[in-house]
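Welcome! Please take a moment to look over the sequence and the 3D structure before reading on.

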Amino acid sequence: ARAADALHRAGIIHRDIKSANLFLSEDFETIKLGDLNVAKIAKNDLASTQIGTPYYLAPEIWQNKLYDYRCDIFSLGCVMYEMAALRVPFEAGSIQELYKKITKGVIERVPPRYSDDLYGVIKLFLTKEPKHRPNVKEALSMPIIAKKMETYRGLDIVRDKEEVDRL
C-alpha cells in the first residue's frame, strides 16, 4: 500500500497490482512492487485504457468506464484475498464468466482463521463502486493495516527485472 501511495502521489496508477508483481526480500521484511509496464500517468486523476491482469481488474475497467487510483485498491483487495484464501476472489472458466463475477462483486468469506476485521477490509477494497472504496491514504490509516505495516521495514518500487534479480 505504501508503494501504491508513492505512485499515486506522483500521479501514476499502477494498473497491474497482483501477487506476481510483489517481491519479497530474502530477509522476509521488505516487499517490493514491480512491473510498471502498464502503469499510466493519470490526467485529471482519471484514466480510461483497459489493461492489466484480468483476475485483478476493477469492475470499472471491465466496463470500460473512467477509473481512478482506486482501481489499484481493488487490485490490492484481490491480492489480500488471495493471500488469505490461497486463491483469487473471482475464479472463472472464461473471460465472460470472470467479467460477470467481478462486475457482480460477490466474494466468499476468507477462511475463518482470519479475523472479521481483515475480511471487512478486503470486502471494502473489493467494493464494486469505486467511490465506496478507500483511497490509498484512507487504506493506510485503517487500524488493521496501520498495525501490520509497522511490522514491515519497507515497501519499495521495483523499477525493472534487474532490480528484481538483486532481491
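What follows is a short tour of the nonpolar core, the salt bridges and a few loop residues.

Keep in mind that this is a predicted model. The tour begins with the largest nonpolar core, which has 41 residues. It then turns to the salt bridges, of which a search of the whole structure finds 7. It ends in the loops, with asparagine 21, which lies between strands E1 and E2, among the residues to look up.

**The nonpolar core**

- In soluble globular proteins, nonpolar side chains tend to be buried together.
- Within the largest nonpolar core here, the residues that touch the most other members are Phe74, Phe90, Ile107, Ile122, Phe125, Leu126 and Ile145.
- The top contributor is H3, which gives 9 residues.

**Salt bridges**

- Side chains of opposite charge can pair when their charged atoms come close.
- Aspartate 16 pairs with lysine 18, and their closest N and O atoms are 3.7 Å apart. Both aspartate 16 and lysine 18 are buried.
- Arginine 87 and glutamate 91 also meet through their side chains in a salt bridge, with an N to O distance of 3.8 Å. Arginine 87 has a relative accessible area of 24%, so it counts as partly exposed. Glutamate 91 is partly exposed as well, with a value of 38%.
- A further salt bridge links glutamate 97 to lysine 101, with the closest N and O atoms 3.6 Å apart. Where do these two sit relative to each other in helix H4? Glutamate 97 and lysine 101 are 4 residues apart in that helix, so about one helical turn separates them. Glutamate 97 is partly exposed at 33% relative accessibility, and lysine 101 is partly exposed at 34%.
- Some salt bridges share partners, and in this way Arg87, Glu91 and Glu108 are joined into one network.

**Asparagine 21 in its loop**

- You can find asparagine 21 in the loop between strand E1 (12–13) and strand E2 (22–24).
- Is asparagine 21 buried or exposed? Its relative accessible area is 5%, so asparagine 21 is buried.
- The side chain of asparagine 21 reaches the backbone oxygen of aspartate 16 at a distance of 2.7 Å.
- Apart from neighbours within four places in sequence, asparagine 21 is in contact with His14, Asp16, Lys32, Leu33, Gly34 and Asp35.

**Two residues with positive phi**

- Arginine 15 is not a glycine, yet its phi is positive, at about 70°. This residue also belongs to the loop between E1 and E2, and arginine 15 is buried, with a relative accessible area of 8%.
- Asparagine 64, another residue other than glycine, has a positive phi near 55°. Which loop holds asparagine 64? Look between H2 and H3. Asparagine 64 has 57% relative accessibility, so it counts as exposed.

How values were computed
Residues are numbered from 1 along each chain as its sequence is written. This is a predicted model: local features need pLDDT of at least 70, side-chain atom pairs count only at pLDDT 80 or more; totals for chains, interfaces and linings use all residues. Side-chain values use heavy atoms; hydrogens and water are left out. Buried means under 20% relative accessible area, exposed over 50%, partly exposed in between (1.4 Å probe, protein chains only). A polar contact is a pair of N or O atoms within 3.5 Å; within protein, one must be able to donate a hydrogen and the other to accept it, and residues adjacent in sequence count only if both atoms are side-chain atoms. Contact means heavy atoms within 4.5 Å. A nonpolar core is a set of buried Ala, Val, Leu, Ile, Met, Phe, Trp, Tyr and Cys residues joined through side-chain atoms within 4.5 Å. A salt bridge is a side-chain nitrogen of Lys or Arg within 4 Å of a carboxyl oxygen of Asp or Glu.
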